[in-house]
Amino acid sequence: MALGSDFRRLWLAYAASEAGTGIGFGAIPLVAILVLDAPAWQVSMLATVSGLAAAAIAVPAGPWVEFRHKRPVMVGADLVRAFALLSVPLALWLEVLGYGQLIAVATVQTTAAIVFAAAGGAHLKALVPAADRPAAMGRMEATFWTAYSAGPPLGGALTSWVGVTWTIAVDALSFLLSAAGVRRLRSPEPPPPVRAPTGDRWTEIAAGWRYVFAHRDLRAMFLNAQLFGSGIMASSPLLAVLMLDELSFPAWQYGLAWGLPCLGGVLGALTLAPLTRRYGQRRVLLVFGVWRAVWLCALAVTPAGLPGLILVVVVEFFALYGTGVFNPAFAAYRLEQTEDRYLARVISAWSISSRVCQPIGIALGGVLAALTDVRTALAFCGVAVLASCLLLPWRPAPVTIPAHPPQ
């Protein structure tokens with residue numbers, strides 16, 4: 001299906017940045033471990049502190065993005081990420097790198113990612129007609145899972161051969177390529193929404209959340225996403241402890257258990273368009289919203305050895321297949337259900353909420369594991385993820401667009 005030359009340029013820009021991010025996956029924590037000899041708690045705090053700090057900084061970003069042209073915002077976010085990353089090898093060369101700089105870089109990276117997602121999501125709606133959005137979103141999702149399937153092994157090899165600073169440099173270069181790709185978009189950008197002359201700043205900031213909660217289906221999807229994402233993120237370190245510590249899997253098998261299932265995400269994304277054409281958007285959202293959630297509980301009974309490795313790969317593969325279908329289907333649905341003048345703020349509110357809820361989920365999972373054991377904590381994560389199915393919009397909303405929340 002032809003999605004247009006500008007979508008192709010945007011997709012190539014996205015592919016470049018995701019490839020770099022996949023290759024640079026875990027590079028900042030590696031610098032903390034290998035260069036700064038940081039203790040485990042500091043390494044763990046990198047993601048938590050930077051995620052929460054970025055969420056706080058990005059709260060006013062929704063209106064700021066909403067009422068501006070989106071392409072300059074996207075280019076600026078890419079350049080900020082590139083230069084933040086390049087500051088790490090520069091500081092190493094000058095022998096002034098410290099733990100505080102790593103937190104700052106991780107915070108800038110996360111904040112810029114929220115801003116880019118808000119601007120990019122809003123702009124994509126203008127580039128792709130509604131009928132083609134499942135295919136477009138599926139292509140983006142397939143690119144994401146491909147990058148995270150192949151990128152970390154390539155990044156690990158690059159780090160082993162030439163050092164972690166070169167891995168970070170590759171990640172930075174990918175954002176420069178992404179910025180160049182966005183600059184190559186040729187079609188005129190639609191004018192941004194006009195800010196209300198009497199708009200109150202805090203009302204504008206809260207408008208994204210207010211819009212979501214005024215729309216019954218979006219509200220259900222939002223609550224589903226926060227519970228599902230928190231449970232999944234909480235399970236990740238628990239599974240690492242179970243496999244690497246308690247069951248003594250070698251590191252290469254753990255890496256295999258991460259990389260192979262990502263192919264399920266690729267497959268799911270590629271099958272979204274035909275599934276949507278055959279069964280319709282709503283049925284796809286409901287079926288695969290459940291599909292992606294039913295597998296996690298099985299990880300709590302992972303045995304040692306080859307049977308355990310096979311169980312983890314199969315469970316994760318099927319879960320990521322469902323995620324690969326659901327995520328782009330939902331992204332297309334959110335574009336359709338959100339008015340253009342609220343879209344950047346809705347996407348920003350969604351991202352910020354996830355950045356707050358997921359670290360909280362990780363912390364609660366760790367506390368539960370300390371009070372009980374890792375398998376029990378994993379089982380609770382699986383139950384929480386399964387419970388997220390109850391929050392799917394099982395009843396069709398009586399109206400498509402909610403009453404306008406205040407600007």
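In this predicted model, the second largest pocket is lined by 14 residues. Lying nearest to its centre are Ala122, Ala126, Pro190, Pro191 and Asp340. The space inside that pocket comes to about 200 Å³. Which helix provides the largest share of its lining? Helix 6 does, with 4 residues. Helix 6, spanning 99-127, and helix 15 each supply at least two residues of this lining. Sorted by class, the lining of the second largest pocket holds 7 nonpolar, 1 polar and 6 charged residues.

The structure holds 1 cavity of 30 Å³ or more, and the largest cavity has a volume of about 40 Å³. Its lining consists of Val59, Gly62, Ile205, Gly208, Trp209, Arg345, Ser348, Ala349 and Ile352. Here helix 15 gives the most, with 4 residues, while helix 9 (201-214) and helix 15 each supply at least two. The lining of the largest cavity divides into 5 nonpolar, 3 polar and 1 charged.

| Helix pair | Angle | Axis distance |
|---|---|---|
| Helix 10 and helix 15 | about 40° | 7 Å |
| Helix 10 and helix 16 | roughly 155° | within 9 Å |
| Helix 9 and helix 10 | about 110° | 5 Å |

Helix 10 covers residues 216-246 and helix 15 covers residues 340-371, and the two pack at an angle of about 40°. That angle makes helix 10 oblique to helix 15. Helix 10 passes helix 15 in a right-handed crossing. On the helix 10 side, the contact is made by Leu218, Met221, Phe222, Ala225, Gln226, Gly229, Ser230, Met233, Ala234, Pro237 and Leu238. Helix 15 brings Ala349, Trp350, Ser353, Ser354, Cys357, Gln358, Gly361, Ile362, Gly365 and Ala369. The residues of this contact divide into 13 nonpolar, 8 polar and no charged.

Next comes helix 16, made of residues 374-387, whose axis crosses that of helix 10 at roughly 155°. Helix 10 and helix 16 are therefore roughly antiparallel to each other, and their crossing is left-handed. From helix 10, the contact involves Leu227, Phe228, Gly231, Ile232, Ala234, Ser235, Leu238, Leu239, Val241, Leu242 and Glu246. From helix 16, the partners are Val374, Arg375, Ala377, Leu378, Cys381, Ala384, Val385 and Ala387. By class, the contact of helix 10 with helix 16 has 15 nonpolar, 2 polar and 2 charged residues.

Finally, how is helix 9 oriented relative to helix 10? Their axes lie 5 Å apart and the angle is about 110°, which makes helix 9 roughly perpendicular to helix 10. Trp209, Tyr211, Val212, Phe213 and Ala214 of helix 9 meet Arg216, Leu218, Arg219, Phe222 and Leu223 of helix 10. The contact of helix 9 with helix 10 has 8 nonpolar, no polar and 2 charged residues.

Key: Residues are numbered from 1 along each chain as its sequence is written. This is a predicted model: local features need pLDDT of at least 70, side-chain atom pairs count only at pLDDT 80 or more; totals for chains, interfaces and linings use all residues. Side-chain values use heavy atoms; hydrogens and water are left out. Axes are lines fitted to C-alpha atoms, for helices over the stretch in contact, and angles run from 0 to 180 degrees between N-to-C directions. Angles under 35 degrees count as roughly parallel, over 145 as roughly antiparallel, 65 to 115 as roughly perpendicular and the rest as oblique. A crossing is left-handed if the near helix is turned anticlockwise from the far one by less than a right angle, and right-handed if clockwise. Contact means heavy atoms within 4.5 Å. Ala, Val, Leu, Ile, Met, Phe, Trp, Tyr, Cys and Pro count as nonpolar, Asp, Glu, Lys and Arg as charged, and the others, Gly among them, as polar. On a 1 Å grid over the protein atoms alone, a cavity is a set of points where a 1.4 Å probe fits but cannot get out, and a pocket is an open set with protein on both sides within 12 Å along at least five of seven lines; lining residues have an atom within 4 Å of a point. Grid points are joined across faces, edges and corners, and a volume is the space filled by probe spheres set on the points.
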